[in-house]
Amino acid sequence: MNRRDACRALLGLGLWALAGGAAAQQRQPKRHTWAELTAEQQNVLSPLKSDWENMPIESRRKWIGIANRYPKMAQLEQERVQKRMQRWANLSPEQRARARENYRRMAKASAEKRRRLRQQWAEYQAQKAR
Amino acid sequence: MNEDQIGSQVQHLLNQAIDLPPQAAERLRAAREQALARQRPEPAPALQWADSLLGSLGGWSGISLRVLLPVALLVAGLAGIYAWQQNQTLAEIEEIDALLLTDELPLDAYLDRGFQDWLKKRGGGEK
């Protein structure tokens, strides 16, 4: 029967789409062990080496992404990344989330305001030290 | 070959033999009713479930298919959207983290609640 064949074909298509979706989900859990990183990535991420195996896979993927951006950064930026990496990784997820939230909010400010932020930060620290 | 064609051929043959003696016609009618009565209450035994599954998909409906297929597609679609969104969120976090790690201001400026409050107060005072 023609209709039945058509139906089966459609069902097959549906199942195939399902399997495809499931496969897309399954692709994620790649382990990204330290040994799997390229030498360059290992070099950039060396401050994280001791914590690497305890990191969730999403974090590892994120750090790999950042390591891949690293060569395109200015030298000053690269130095900042090296200096901040370990501290950032050791913060609690809540602290990181708060910092990101603050960053998003402050990044919306005008360029002029953002330029003043650096000065304001220095002012604030001076006040706090007093 | 086709069920419908076979059916109409049988019907045609039966129509040709329509001049039956009344008792024979009566017995056929009774037999037919009996057969129908037996068939209706139990559509398909559980044993044949695999066949009836396929059969029912094309058989008493296409209804079940009309329901099943969209549901399957919907589930696949939702799974896809979820995976995509997850991916977007991770990409966004990576982006922001890269910016935070390279930003002019140190991490503490974004972590220090005091600074955030101080900025707010000052911003309010200036206006």
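From the N terminus on, the elements of chain B run α-α-α-α-α-α. Chain B has six helices and zero strands; helices (H or I, at least four residues) and strands (E, at least two) are DSSP runs, numbered from the N terminus. The model is predicted: local features need pLDDT of at least 70, side-chain atom pairs count only at pLDDT 80 or more, and totals for chains, interfaces and linings use all residues. Residues are numbered from 1 along each chain as its sequence is written, while chains are lettered from A and ligands numbered from 1 in the order in which they are written.

**Core**
- The largest nonpolar core holds 18 residues. Such a core is a set of buried Ala, Val, Leu, Ile, Met, Phe, Trp, Tyr and Cys residues joined through C-beta atoms within 7 Å.
- Ala67(A) and Leu101(B) have the most contacts inside the core.
- At least two core residues come from each of α3 (57-69) and α4 (75-90) of chain A, and α4 (63-102), α5 (107-111) and α6 (113-126) of chain B.
- Of the 127 residues of chain B, 11% count as buried (20 or more other C-beta atoms within 10 Å of a residue's own, C-beta atoms being placed from the backbone).

**Helix α4(A)**
- α4(A) has 16 residues and reaches 24 Å from first C-alpha to last.
- A kink of about 45° is centred on Arg84(A); the bend is the angle between axes fitted to the seven residues ending there and the seven starting there.
- Val81(A), Met85(A) and Trp88(A) are buried in this helix.

**Confidence**
- Chain A has a mean pLDDT of 85 (the predictor's confidence in each residue, from 0 to 100).
- Within chain A, confidence is lowest in α1 (residues 2-27), at a mean of 63, and highest in α2 (residues 39-44), at 95.

Conventions
A residue is buried if 20 or more other C-beta atoms lie within 10 Å of its own, exposed if 12 or fewer, and partly exposed in between; C-beta atoms are placed from the backbone. The expected span of a helix is 1.5 Å times one less than its number of residues.
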